[in-house]
Amino acid sequence: MNLILLGAPGAGKGTQAEVICDHLNIPAISTGNIIREALKNGTELGLKAKSYMDSGALVPDEVVIDIIKERLSKDDCQNGFILDGFPRTVPQAEALDAMGVKIDKVIDIEVADEKIMKRLSGRRVCQECGASYHIDYKPSKVEGKCDKCNGETVLRKDDHPDTIKERLEVYHEQTEPLKDYYAKTGKLTIVEGQEEVKDTTALTLKALEA
Ligand code: ADP
Ligand code: ZN
């Protein structure tokens, strides 16, 4: 199954992507994680992306389209994949179509902006493996340490309140039109993000079966 997860930054796409990854045994592909990894390793891609990302802007379409092209060509995508954070603009969605990638389902996770502000400022992300936590809703077992790899969990630079506001603006302007784009193909299912992760998860799994 080829899936896309849509939603505002902080809507919980990453968490749901992990759930689906375990459930269907297909890889979850996060362009954000790929870019952060490149940044950490100081690659050319990382250098190109840094200023955009830090300010809450989107990285240019051609850069992320290249990332996705390369990633989807790997063997582990043969039986399907989950895209988390791509596409984020209409031209990115068009590029995916142009690559001949068939999408089975698009799940859009809806969460109000005010909730997102609160969620993202409490989010902590593992510097090593990218796993994501929340100080109130999903704390790691040991504060500041990743459950999975024992790496250090930190507040992302772009999770500071001013940058969150900017990212939400960018979302409404550039990413939200994708709801229409995929509604027109009949592939879109909307999931209302819940207070508790497990409740959202139940809705996501139901959406997969529908
Ligand atoms: P979130 O969903 O929490 O905003 P991501 O980790 O998906 O976080 O993305 C973080 C940042 O990485 C974005 O703000 C943007 O700068 C960049 N990025 C990730 N995916 C894309 C994309 N598909 N197009 C453009 N920029 C992207
Ligand atoms: Zn980790």
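A salt bridge is a side-chain nitrogen of Lys or Arg within 4 Å of a carboxyl oxygen of Asp or Glu. The close-ups below come from a predicted model, in which local features need pLDDT of at least 70, side-chain atom pairs count only at pLDDT 80 or more, and totals for chains, interfaces and linings use all residues. Residues are numbered from 1 along each chain as its sequence is written, chains are lettered from A and ligands numbered from 1 in the order in which they are written, and side-chain values use heavy atoms, with hydrogens and water left out.

**View 1. A salt bridge joins lysine 148 and glutamate 18.**
The two side chains meet at 3.0 Å, N to O. Lysine 148 sits in the loop between β6 (132-134) and β7 (153-154), and glutamate 18 in helix α1 (residues 13-24), so the pair ties together parts that are 130 residues apart in sequence. Helices here are DSSP runs of H or I with at least four residues, and strands are runs of E with at least two, numbered from the N terminus. Lysine 148 is exposed, at 57% relative accessible area. Glutamate 18 is partly exposed, at 29%. Buried means under 20% relative accessible area, exposed means over 50%, and partly exposed lies in between (1.4 Å probe, protein chains only).

**View 2. Arginine 71 pairs with aspartate 76 in a salt bridge.**
The N to O distance is 2.7 Å. Arginine 71 belongs to helix α4 (residues 61-72). Its relative accessible area is 17%, so arginine 71 counts as buried. Aspartate 76 is partly exposed, at 39%. Leaving aside neighbours within four places in sequence, arginine 71 is in contact (heavy atoms within 4.5 Å) with Pro27, Ile29, Ile34, Asp76 and Cys77.

Glutamate 176 is partly exposed, with a relative accessible area of 24%. Lysine 179 is buried, at 17%. Elsewhere, salt bridges form a network of Arg123, Arg156, Asp158, Asp159 and Arg167. Side chains of opposite charge can pair when their charged atoms come close.

**View 3. Ligand 1 is surrounded by 20 residues.**
A residue is near the ligand if one of its heavy atoms lies within 4 Å of it. The closest are Thr31, Arg36, Ala57, Gly85 and Arg167. Helix α2 (residues 31-40) gives the largest share of the shell, 4 residues. By class, the shell has 8 nonpolar, 5 polar and 7 charged residues. Ala, Val, Leu, Ile, Met, Phe, Trp, Tyr, Cys and Pro count as nonpolar, Asp, Glu, Lys and Arg as charged, and the others, Gly among them, as polar.

**View 4. Nitrogen and oxygen atoms of ligand 1 lie by valine 59, glycine 85 and arginine 167.**
A backbone N or O atom of valine 59 is 3.0 Å from a ligand nitrogen. For glycine 85, a backbone N or O atom is 2.8 Å from a nitrogen atom of ligand 1. The side chain of arginine 167 places an N or O atom 2.7 Å from a ligand oxygen. Taken alone, ligand 1 exposes 550 Å², and the protein buries 97% of that. These areas come from the Shrake-Rupley method with a 1.4 Å probe; for residues, only the protein chains shown count as cover.

**View 5. Glycine 85 lies in a loop.**
The loop runs between β3 (81-84) and α5 (90-98). Glycine 85 is buried, at 8% relative accessible area. Not counting residues up to four places away in sequence, glycine 85 touches Leu5, Lys13 and Thr31.

**View 6. Glutamine 16 is found in helix α1.**
Its relative accessibility is 2%, so glutamine 16 counts as buried. A polar contact of 3.3 Å joins the side chains of glutamine 16 and threonine 201. Such a contact is a pair of N or O atoms within 3.5 Å; within protein, one must be able to donate a hydrogen and the other to accept it, and residues adjacent in sequence count only if both atoms are side-chain atoms. Beyond neighbours within four places in sequence, the contacts of glutamine 16 include Leu5, Ile109 and Val197.
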